[in-house]
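User: I am new to reading protein models, and I would like to work through one slowly. Could you take my questions in turn?

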Amino acid sequence: MASAAPRRLESYVYGAWTAGKGDGLPLLDAGTGETVALIDSKGLDFAEVLHYGRTVGGPKLRAMSFHERAAMLKALGLALMEKKEEFYAESFRTGATRADGWVDIEGGIGTMLTFASKGRRELPNTRVLTDGDVELLSKDNSFSAQHIYAPLQGVAVHINAFNFPIWGMLEKISPALLAGVPAVVKPASQTAYLTELMVRRIVETGLLPEGALQLICGSVGDLLDHVTGQDVVTFTGSAWTGRKLKAHPAVIANSVRFTMEADSLNASILGPDATPGTPEFDLFVKEVAHEMTVKAGQKCTAIRRVIAPRDHVDALVKALGDRLGKTALGLSDDEATRMGPLASLDQRTEVRARIQDLLSDAEIVAGNPDEVRVTSGNAEKGAFLNPALLYADDPFGAVKVHDVEAFGPVSTVLPYDSIEEAIGLAKLGKGSLVSSVFTDDPKVVEEVVINIAPFHGRVLVGNRRSAKTSTGHGSPLAGLVHGGPGRAGGGEEMGGMRGVKHYMQRTAVQGTPRLLSAVTGRWIEGADVQHGEHPFRKSLAELKIGDQLMTAKRQITLEDVEHFAHFTGDTFYAHMDEAAAKANPFFDDRVAHGYLIASFAAGLFVEPNPGPVLANYGVDNMRFLTPVYFGDTVQVRLTCKEINPRENADHGEVRWDCQVTNQKGEIVAQYDVLTMVAKIWPPAQA
Ligand code: NDP
């Protein structure tokens with residue numbers, strides 16, 4: 001890993017790569033101690049950074065729809081994946097092995113691609129989101145309310161930790177950009193050279209609008225003095241720094257959304273049924289050893305507290321000690337290495353000091369953190385540290401093991417005598433990102449999960465059935481919530497489209513339906529309608545929200561119901577047996593099948609000839625509201641409710657409000673019909 005002159009990191013701010021005016025602080029290779037880069041942000045105008053994001057990046061992003069932003073993220077993710085080997089080469093210098101780098105690099109890009117794909121599938125192709133149903137506020141439909149989410153008009157400031165220089169950036173900018181909010185990323189100095197490299201590659205693609213992403217290499221100076229209520233600040237790192245930033249006067253004065261993810265004393269529980277020799281015991285040993293050594297234990301989700309039945313502690317310590325003892329420590333680019341160095345020598349000093357803290361409650365039972373054996377590299381110049389397993393015999397009397405995060409390959413085994421004790425110990429972490437329980441007993445799972453869930457952002461249950469498919473205790477996933485209450489910071493990130501809403505404001509909008517519909521682009525009851533040509537004859541180029549069809553009427557007869565029942569096999573008594581139907585509290589007589597009504601409704605509203613409607617792909621929210629008796633007459637009102645043209649395709653999705661009424665005007669069925677419709681019709685000749 002010999003290198004030429006260290007490169008000088010630059011910040012990407014107000015549209016240009018900009019060097020700091022200071023000498024630059026050297027950043028050292030975790031494995032060799034060589035200087036990799038110099039970092040410094042002296043002289044940057046931080047107020048201008050925020051202003052630039054708000055005035056240049058924000059408007060450009062907000063002019064795009066969710067689907068356009070999702071397509072942008074997809075293109076960006078794919079372009080970055082093509083460059084992954086360049087990132088791996090730089091990632092070795094942070095102490096990450098190839099396997100560690102996979103989590104950071106491909107895990108990070110994969111997270112961006114997941115947000116892109118979920119954004120396209122789960123969000124409408126609009127610029128605001130609706131939240132929940134319309135609230136009817138007047139009997140005559142002249143005044144209603146709709147909650148909406150609109151993107152904040154500030155910037156997302158992401159202050160990140162050193163341990164995931166790529167994933168840490170991408171998991172946060174993806175939901176922010178998808179929401180339409182520009183980001184300012186401040187990576188932790190120690191590993192900022194890798195983040196800087198990726199931002200260079202991002203900027204070179206030209207895929208993001210100018211101002212959508214800025215990077216600060218080095219201190220953020222007075223940046224927080226300038227945050228407003230439209231900005232969001234997220235922080236990952238030590239609880240000490242996090243609390244300081246959260247209490248910044250501008251953050252407090254402007255009620256700035258502040259998401260914090262800090263030290264977390266995650267636990268893993270070995271179930272009482274998971275005795276030595278069971279698959280769950282073996283899985284537990286594997287998982288704890290893996291979590292201790294991957295990224296050399298520098299993972300916010302790593303298992304710090306190992307909670308096990310007292311009777312099995314000896315077997316567990318032996319199995320873990322054997323496994324950890326075989327971990328080959330060495331340079332991260334050496335294929336034989338199973339655990340690389342910590343991120344820096346300072347970090348090693350810090351972890352050793354925290355182990356000393358833990359020793360006031362616990363003893364070391366495997367591994368010696370002061371004696372380092374390496375298979376490659378220099379044990380003193382590189383920040384290598386042996387994994388260390390501790391044991392605290394009196395876990396309820398212990399204080400430090402529930403309080404001190406040694407951010408390295410260090411865990412403490414805590415014995416329990418009952419499942420209530422295991423739960424109590426997990427809770428002593430005072431709020432964590434994740435805990436896991438390894439058991440095959442549903443009763444244990446129920447008891448543990450219900451009781452520890454309020455203290456955690458995520459709980460993983462491990463057993464033999466999911467052994468091959470489980471994503472593991474330590475892996476945050478784009479679709480799942482990442483964050484935790486209490487000492488874990490009280491924040492929440494990702495969680496699929498929930499994470500996008502962290503960058504948006506929820507607002508209740510009240511008004512007359514026609515005007516509410518103009519805001520959301522969604523037809524609601526009471527908004528304007530247009531009648532004319534059958535809406536199924538219209539392509540997306542012609543179709544309008546509110547285009548409506550009132551169908552002919554159809555009477556439902558005894559013969560219809562008998563025919564439908566025997567044809568489909570649905571001879572449920574309410575349709576077929578008069579006495580039994582009358583005895584049913586909901587019906588006065590035999591009733592028509594709900595599905596018969598829906599089928600007749602389709603028969604009434606379809607336009608049978610080939611045309612722009614390409615397919616019906618389902619219905620949403622189907623409800624049968626009033627029974628239909630023989631002799632009743634039904635009619636359908638079909639209204640175009642929402643149009644989502646699909647990016648990079650020649651069709652889009654159309655949602656239709658479908659209301660079926662009887663001769664008295666009562667609603668007998670209500671649902672949304674979902675169709676694919678061509679953008680133009682007839683299709684252009686190739
Ligand atoms: P810090 O809290 O020191 O740093 C985290 C981030 O905050 C870095 O980007 C850092 O920048 C920045 N920062 C520090 N001070 C300020 C400030 N005054 N204003 C604005 N930004 C600031 O944590 P470390 O990265 O040094 O890690 C220390 C400990 O934190 C670890 O040993 C571990 O215990 C814990 N940690 C927890 C994580 C988790 O997710 N639970 C993740 C990583 C760490 P700079 O690097 O330039 O100082």
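The questions below go from confidence in the model to one strand and then to a recorded domain.

User: What is the mean pLDDT of the chain?
Analyst: This is a predicted model, and it scores ipTM 0.93 and pTM 0.92. Looking at the chain residue by residue, 99% of its residues reach a pLDDT of 70 or more, and the mean pLDDT is 96.

User: Are Ala267 and Ile269 of strand E13 buried or exposed?
Analyst: Strand E13 spans residues 267-270, and both of its faces are covered. Ser268 and Leu270 lie on one side, while Ala267 and Ile269 lie on the other, and these four residues are all buried.

User: Which residue of E14 is the bridge partner of isoleucine 269?
Analyst: E13 pairs with strand E14, residues 305-309, in the parallel sense over 3 bridges. Within E14, the partner of isoleucine 269 is isoleucine 307.

User: How far apart do the end C-alpha atoms of residues 545-655 lie?
Analyst: An unreviewed UniProt entry lists residues 545-655 as "domain: MaoC-like". In the model this span is 30% helix and 34% strand, and the distance between its end C-alpha atoms is 10 Å.

Methods
Residues are numbered from 1 along each chain as its sequence is written. This is a predicted model: local features need pLDDT of at least 70, side-chain atom pairs count only at pLDDT 80 or more; totals for chains, interfaces and linings use all residues. UniProt positions are given in the numbering used here, feature names are shortened, and annotations may be inferred rather than shown by experiment. Helices (H or I, at least four residues) and strands (E, at least two) are DSSP runs, numbered from the N terminus. pLDDT is the predictor's confidence in each residue, from 0 to 100. A residue is buried if 20 or more other C-beta atoms lie within 10 Å of its own, exposed if 12 or fewer, and partly exposed in between; C-beta atoms are placed from the backbone. Two strands pair if DSSP finds at least two bridges between them.
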